[in-house]
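Please take a careful walk through the structure shown below, beginning with a single side-chain contact and widening from there to a helix, a sheet and the aromatic rings.

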Amino acid sequence: MRFDASSVHIHLILLFSPFPTTHYRENMWNRSNVQCVMLTFKEPFGTEGRGGYFDQYGIIRDIIQNHLLQVMTLLCMECPNKLSGPDAGEKIRDEKVNVLESIPPVTLDEVYLGQYEGYTDDETITNKDSNCPTFAIIRMFINNPRWAGVPIIFKAGKALNERKAEMRIQFKDAPAASTLFGTDVPRNELVIKLQPEETIYLKSNIKTPGFSTAPIQSELEVNYDTRYFSNGCESNPDAYSRLILDVLRGQSASFVRSDELIRAWEIFTPVLHQIDNENVQPHTYKVGTRGPEGADEFYNSKSGYIRNNDYVYDHGVVCRKKSSL
């Protein structure tokens, strides 16, 4: 199942709601405090009989240029004058276009491609030497006053180790934190999960339980299903149900406008043509893994992201240090 921009509108309320959240956002939601913005889409299965279609387009056209780019514009746009009401759709789309107009075209040095082993074994794929990427990482920048210099990272792939669609914002190191605590302090992160469960959580640091004073990373978390739909009588509507309802209500915010579509293709078309014309070869990776072996190194070097390997998150249930304190 795909996700769509209507899923993100649920979470816009968090980012653009009245004081004090707006006050917090204006102080934190900018290049002075954000290290990187990461948008991820992962599927645990391959083409499964639709390779003939997929091979004509690849993961960048199939997921990144449309789905993830739409999510990114909603996440990084300026607050519209209205988020609800008859005029809200056009105002939201105006701000999305403003973001796209601030992004230069992607270049090949900002792209990492992969293809899972056995991809061309799909009987519907006629070109057995296909260079079609089933995995990609792309970095871009938004050249406006709020986001200038902040890496925006897209990651999407098929036949990976899990099903996941999320937005992740990692903040910069807290000033003097290592001096205060005598140890490295993990960076704070805001994570907005779209699939498989709609969840918002803020990764932050607390005192380790017990006698230790060392900081340990935990989360402030809201899971929509367990928080609002745990009685089983109701369920959160899926993305397509919301889209159909938006059509019936005449609400346009979840749909792409023509100028938005044109600008989105202007950002990606040059590098897509270069990949096709120069027959750029993707890195291979095994089915059920995180991707090609060099992908994490490329990802971290392009984003400046620092992973806290001691942190464990399992549907909001488990958070612990795997190593001893």
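The side chain of K96 makes a polar contact with the side chain of E260 at 2.9 Å, where a polar contact is a pair of N or O atoms within 3.5 Å, one of which, within protein, must be able to donate a hydrogen and the other to accept it, and where residues adjacent in sequence count only if both atoms are side-chain atoms. This is a predicted model, in which local features need pLDDT of at least 70 and side-chain atom pairs count only at pLDDT 80 or more, whereas totals for chains, interfaces and linings use all residues. Residues are numbered from 1 along each chain as its sequence is written, and side-chain values use heavy atoms, with hydrogens and water left out.

Is K96 buried or exposed? K96 counts as buried because its relative accessibility is 0%, the term buried meaning under 20% relative accessible area, exposed over 50% and partly exposed in between, with a 1.4 Å probe and protein chains only. Once its neighbours within four places in sequence are left aside, K96 is in contact (heavy atoms within 4.5 Å) with Q70, T73, L74, M77, A253 and E260.

K96 belongs to helix α5, residues 88–100; helices are DSSP runs of H or I with at least four residues, strands are runs of E with at least two, and both are numbered from the N terminus. The buried residues of α5 are A88, G89, I92, R93, E95, K96, V97, V99 and L100, and what covers them includes α4 (58–76) and α9 (258–277).

Turning to the strands, β5 (residues 164–171) is mostly covered, with 8 of its 8 residues buried. K164, E166, R168 and Q170 point one way from β5, while A165, M167, I169 and F171 point the other way, and all are buried. Strand β1 (residues 34–42) is joined to β5 by 8 bridges and the two run antiparallel, two strands being paired if DSSP finds at least two bridges between them; here K42 has K164 of β5 as its bridge partner. Strand β6 (residues 189–195) is also antiparallel to β5, to which 6 bridges join it, and Q170 stands opposite E189 in β6.

A search of the whole structure finds 8 aromatic pairs. Among them, Y116 and Y119 are edge-to-face, at 5.7 Å centre to centre and 85 degrees between the planes. Rings of Phe, Tyr and Trp (its six-membered ring) pair if their centres lie within 6.5 Å, and planes under 30 degrees apart count as stacked, over 60 as edge-to-face and the rest as tilted. Y116 counts as buried because its relative accessibility is 8%, and Y119 is buried, with a relative accessible area of 1%. Y299 and Y305 form another edge-to-face pair, at 6.4 Å and 80 degrees; Y299 is buried at 8%, and Y305 is buried at 6%. Ring pairs also link F54, Y116, Y119, F135 and Y285 into a cluster.

For the protein overall, the secondary structure comes to 10 helices and 9 strands, and 49% of the 325 residues count as buried.
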